[in-house]
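Please look over the sequence and the structure shown here before reading the report that follows.

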Amino acid sequence: MSTNTVRYRIPPDILFHELSGEAVLLNLDSGQYYSLDEIGTRMWLLITEYGQIEPVIAALLQEYDVTEQQLRADFDKLLSEFTVQGLLTRDEA
């Protein structure tokens, strides 16, 4: 499946709170808390804004001094963790 047809969204049972550039996520269903550092928070905000991978990658490449290969690897890992923990759902068109 092409990454252009995959969208991510926040399930209704996930709460998000940002404070001083870092964030806390709460899964109301499981009761689990998750904390994000500044970069993880920025990734979260962008994926929830755009819903798709490519616009997020483009924005992050402009904001951070990182290779595209490293960024994609880090971002894929974070997306995988978010979806496994139920913090994001993946919808394919």
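In which sense do strand 3 and strand 4 pair, and over how many bridges? They pair in the antiparallel sense, over five bridges, where strands (E, at least two residues) and helices (H or I, at least four) are DSSP runs numbered from the N terminus, and two strands pair if DSSP finds at least two bridges between them. This is a predicted model, in which local features need pLDDT of at least 70 and side-chain atom pairs count only at pLDDT 80 or more, while totals for chains, interfaces and linings use all residues. Residues are numbered from 1 along each chain as its sequence is written, and side-chain values use heavy atoms, leaving out hydrogens and water.

Three strands form an open sheet in the order 2-3-4, with antiparallel pairing; its edge strands, strand 2 (14-19) and strand 4, each pair on one side only.

A search of the whole structure finds two aromatic pairs; rings of Phe, Tyr and Trp (its six-membered ring) pair if their centres lie within 6.5 Å, and planes under 30 degrees apart count as stacked, over 60 as edge-to-face and the rest as tilted.

| Pair | Centre to centre | Between planes | Kind |
|---|---|---|---|
| Phe16 and Trp44 | 6.0 Å | 20 degrees | stacked |
| Trp44 and Phe82 | 5.0 Å | 85 degrees | edge-to-face |

Because Phe16 lies in strand 2 and Trp44 in helix 1, their pair ties together parts that are 28 residues apart in sequence. Trp44 is buried, with a relative accessible area of 1%, whereas Phe16, at 31%, counts as partly exposed; buried means under 20% relative accessible area, exposed over 50% and partly exposed in between (1.4 Å probe, protein chains only). Phe16, Trp44 and Phe82 form one aromatic cluster.
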